[in-house]
Amino acid sequence: MPLEDSPWQNLEKDRRRKKRSLNVIRATVFALHFAQTVVLPSLSSYLAVFHADIRMLGYCLAATCIGEVLASPLFFFWYDRRPAKEVVLGALVLNAVASLFYSTATDATSVLCSRFFVGCAAGVQGVLVIIASSLSHPRRLQENLTSIKAMYTVALILGPGLAAVGTFVHMPAPGPLGHIQHQLPKYLHEISGNASSLSSRPTSIGASTGLWIP
C-alpha cells in the first residue's frame, strides 16, 4: 500500500506547480507581444508590395489595439465558463493562425485582418493577470505581476531587433537604389553625387566646399 505524501511534500508539490504555471504565463505574454512587435520593421515594406496607401500602415497598427480591446471581454466571458488552460491555449492558437495568415497575405486587406486577429489574441492578458494573482502568495504578488509586465519590454526589444536583422540579411541586394527596403535618405544621394564629382578634382582643403548637404 503506497504511503501518503506528508503535508510538507504536498506543499512543495503545490509550490512547484504554481511556479511552473507562472512561467507559462510569462512565456505566453512574451509570445503574444512578440507576434505584435516582430513585424514592425518590415510592415511598411510588406504593404508597399501590395501598393497600399501609406494610411494603411496606421490602420494596421490601430487594428492590433482595437482587436485587443474588443477581444478582452470575450476572453473574460470564456474564462468564467471554461478551464483556464483552454482559454490560454485558444489565445495562442489564434495568435499562431493570425501570424500564419499575415505571412501568406495576398493583399493589404489580408494584412490588416491578420493584425486585427493578432491583437484579438492579446486580449487574453487580463485573464492571465487574474490567473497569476490567484497563483501568487500575497507577499510575492507585486513581484510576480512586475515580472509578467517585464515580458512586454523584452518582446518590444527582441521583436523589432531580431526582425530588423533578419530583414536586412534576407532581403536581396538593391539593384538601383530606390527599392523601398533599401531606400536611402535624400541627403545620402546628394553626398554620393557630390563625392563623385570631388573625386575627379585635385585634392585640396578648399575642394571640400563642393560637398553640400540639404
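His51 sits in the loop between helix 2 (43-49) and helix 3. Helices here (H or I, at least four residues) and strands (E, at least two) are DSSP runs, numbered from the N terminus. The phi angle of His51 is near 60°, a positive value in a residue other than glycine. His51 is also exposed, with a relative accessible area of 73%. Buried means under 20% relative accessible area, exposed means over 50%, and partly exposed lies in between (1.4 Å probe, protein chains only).

Before going on, a word about the model. It is predicted, so local features need pLDDT of at least 70 and side-chain atom pairs count only at pLDDT 80 or more, while totals for chains, interfaces and linings use all residues. Residues are numbered from 1 along each chain as its sequence is written, and side-chain values use heavy atoms, with hydrogens and water left out.

Now for the whole protein. Its secondary structure comes to 8 helices and 0 strands, so the elements read α-α-α-α-α-α-α-α from the N terminus on. Of the 214 residues, 29% are buried. The protein exposes about 13,700 Å², and carbon and sulfur atoms supply 67% of that area; accessible areas come from the Shrake-Rupley method with a 1.4 Å probe, and for residues only the protein chains shown count as cover. Among contacts (heavy atoms within 4.5 Å) with a separation of 6 or more, 72% join residues 24 or more positions apart.

How do the helices pack? Two packed helices are described by the angle between their axes and the distance between the axes. Axes are lines fitted to C-alpha atoms, for helices over the stretch in contact, and angles run from 0 to 180 degrees between N-to-C directions.

| Helix pair | Axes come within | Crossing angle |
|---|---|---|
| Helix 4 (residues 84-103) and helix 5 (residues 108-122) | 8 Å | roughly 165° |
| Helix 3 (residues 55-81) and helix 6 (residues 125-135) | 8 Å | roughly 45° |

Angles under 35 degrees count as roughly parallel, over 145 as roughly antiparallel, 65 to 115 as roughly perpendicular and the rest as oblique. On helix 4, the residues making this contact include Ala91, Leu94 and Phe101, and those on helix 5 include Val111, Phe117 and Val118. By class, there are 11 nonpolar, 4 polar and 1 charged residues. Ala, Val, Leu, Ile, Met, Phe, Trp, Tyr, Cys and Pro count as nonpolar, Asp, Glu, Lys and Arg as charged, and the others, Gly among them, as polar.

The angle of roughly 45° makes helix 3 oblique to helix 6. Glu68, Phe75, Phe76 and Tyr79 of helix 3 meet Gln125, Gly126, Val127, Ile130 and Ile131 of helix 6. These residues divide into 6 nonpolar, 2 polar and 1 charged.

Let's look again at Tyr79, in helix 3. At 23% relative accessibility, Tyr79 counts as partly exposed. Not counting residues up to four places away in sequence, Tyr79 touches Ala84, Val87, Val127, Ile130 and Ile131.

Finally, visit helix 1 (residues 7-37), where Thr28 is found. Is Thr28 buried or exposed? Thr28 is buried, with a relative accessible area of 4%. Leaving aside neighbours within four places in sequence, Thr28 is in contact with Val88, Leu92 and Leu128. Asn23 is found in helix 1 too, and counts as partly exposed at 39% relative accessibility.
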